[in-house]
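Hi,

Here is the structure I promised to pass on.

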Amino acid sequence: MRLYALARNRFRSGVAALATVLLTVALGLAAAGPARALDYGSLQLDQATSVGIHNTYDNSSYPYLADALDSGATLIELDAWVNPFTHQWDVSHSDPLGSSNNCNYAPVPADLYTGNTSQDLDSCLGDIATWLSVHPDANPIMVKLELKDGFDATIGMGPAELDSYVAAHIGSYVYKPVDLLTKSDGTQYANLDTAAKADNWPTRQQLQGKVIIEAIPGTFEQANPFDHLWTDTEYADYLSGLESAGQIANAEIFPSVLGAQTGDPRTRYAAAIQPWFVVFDGDAATYVADGNTEWYNANHYLVVATDAENVSPALSDTAPSLSDAQARVALLAADSVSFVSTDWSNPPGDGVLSEVLPRG
């Protein structure tokens with residue numbers, strides 16, 4: 001009997017000790033999890049690096065745009081064309097008069113994964129808004145608009161009309177230029193450059209469930225010998241004019257400087273509009289090799305780097321190993337990239353698209 005009691009007591013003591021250890025570990029993990037999330041959430045937008053998908057609208061990669069958002073991607077790219085007949089922006093890679101994409105018309109969450117795709121830009125933006133309505137804690141998302149053939153203000157499809165288009169379909173979820181300009185006391189910085197250099201960006205936690213939209217000149221626009229006013233210049237001119245008129249709150253988009261280079265690439269623009277560029281978009285390999293990445297980071301500018309797989313040594317365009325993909329994202333984070341653009345929609349995409357790393 002005494003032996004039984006002794007064994008029983010030792011058993012109970014062992015169970016109690018094990019329970020104590022397990023509880024300690026559980027509490028430690030519980031504390032570690034939120035702390036890590038809080039650390040990344042407390043980073044300002046310009047202090048972090050995240051990952052997204054090039055040509056996200058391509059339905060060969062994702063059946064629906066919502067599928068891409070589900071993957072954790074924090075950069076969504078949409079290629080848009082001016083349609084002179086419908087006065088809508090079509091979304092496709094190469095069709096200037098029609099849409100070919102994975103956007104459907106989803107006014108309610110139940111419609112996100114059903115129905116006809118190949119809709120206009122309004123549906124693409126609406127799909128993102130609907131998805132965000134049920135994912136309020138989502139990481140901030142960069143929506144990259146490549147305006148393939150630029151604006152055409154002569155037919156009512158200029159910067160002001162695009163702003164109205166954006167405002168109507170996703171406006172309540174947009175982090176706007178005026179938000180960066182506005183100080184905590186309600187006054188405003190003179191321009192976006194001054195605001196960025198003052199590091200007036202919000203934290204990622206404050207931007208949960210929000211998007212920031214950049215616009216770049218399109219490939220067709222750049223090749224068009226008759227187009228002498230590209231998207232970047234036209235929208236920056238428009239921004240400057242809005243500020244002068246006291247209407248900067250109408251702007252929904254950040255114009256982006258396309259092409260990485262050593263030194264300040266904004267010198268290609270007129271002096272009056274240079275301070276309205278704080279987003280830069282270019283080839284990842286150039287950013288890594290140009291020796292100038294700290295300039296972007298030190299001034300708190302946002303950098304979108306494309307073709308991450310082509311940085312030497314080149315990786316598979318679609319399916320590198322998970323360890324290689326993670327190492328590439330870490331390299332670009334160290335080189336001051338804010339948003340890494342990849343074509344890794346297949347595995348290991350599911351292992352890297354949701355990554356968030358400290359920048360620099």
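**Two crossing helices**

Let me start with helix α4 (residues 159-170) and helix α8, whose axes come within 10 Å and cross at roughly 80°. Axes here are lines fitted to C-alpha atoms, for helices over the stretch in contact, with angles running from 0 to 180 degrees between N-to-C directions. That makes α4 roughly perpendicular to α8, a label used for 65 to 115 degrees (under 35 is roughly parallel, over 145 roughly antiparallel, the rest oblique). Helices (H or I, at least four residues) and strands (E, at least two) are DSSP runs, numbered from the N terminus.

At the crossing, Pro159, Ala160 and Asp163 of α4 meet Glu234, Tyr235 and Tyr238 of α8; contact means heavy atoms within 4.5 Å. By type, the residues of this contact are four nonpolar, no polar and two charged.

Before the rest, some housekeeping. This is a predicted model, where local features need pLDDT of at least 70 and side-chain atom pairs count only at pLDDT 80 or more, while totals for chains, interfaces and linings use all residues. Residues are numbered from 1 along each chain as its sequence is written, and side-chain values use heavy atoms, with hydrogens and water left out.

Thr231 has a relative accessible area of 0%, so it counts as buried (under 20%; exposed is over 50%, partly exposed in between; 1.4 Å probe, protein chains only). Beyond four places in sequence, Thr231 touches Leu147, Gly150, Phe151, Ala215, Ile216, Pro217 and Glu221.

The largest nonpolar core has 95 residues, and Trp89, Leu121, Leu162 and Trp201 touch the most other members. Helix α3 (residues 121-133) gives this core its largest share, seven residues. A nonpolar core is a set of buried Ala, Val, Leu, Ile, Met, Phe, Trp, Tyr and Cys residues joined through side-chain atoms within 4.5 Å. Leaving out neighbours within four places in sequence, Leu121 contacts Leu78, Ala80, Trp89, Val91, Leu145, Leu162 and Tyr165.

**Salt bridges**

There are seven salt bridges (a side-chain nitrogen of Lys or Arg within 4 Å of a carboxyl oxygen of Asp or Glu). One of them pairs Lys148 with Asp79 at 3.7 Å, N to O. This pair links distant parts of the chain, 69 residues apart: Lys148 is in the loop between β4 (141-147) and α4, and Asp79 is in strand β2 (residues 75-82). Lys148 is buried at 4% relative accessibility, and Asp79 is buried at 1%. Lys148 also bridges to Glu146, with the closest N and O atoms 3.3 Å apart; Glu146 is buried at 8%.

Another joins Lys197 and Asp193, with 3.2 Å between the closest N and O atoms. Both lie in helix α6 (residues 192-197), four residues apart, about one turn of the helix. Salt bridges with shared partners connect Asp193, Lys197, Asp264 and Arg266 in one network.

Most residues other than glycine have a negative phi, and most peptide bonds are trans. Ser312 and Pro313, however, are joined by a cis peptide bond, with omega about -5°. Ser118 has a positive phi of about 60°, and His300 has one of about 65°. His300 sits in the loop between α10 (293-298) and β8.

Cheers

Methods. Ala, Val, Leu, Ile, Met, Phe, Trp, Tyr, Cys and Pro count as nonpolar, Asp, Glu, Lys and Arg as charged, and the others, Gly among them, as polar.
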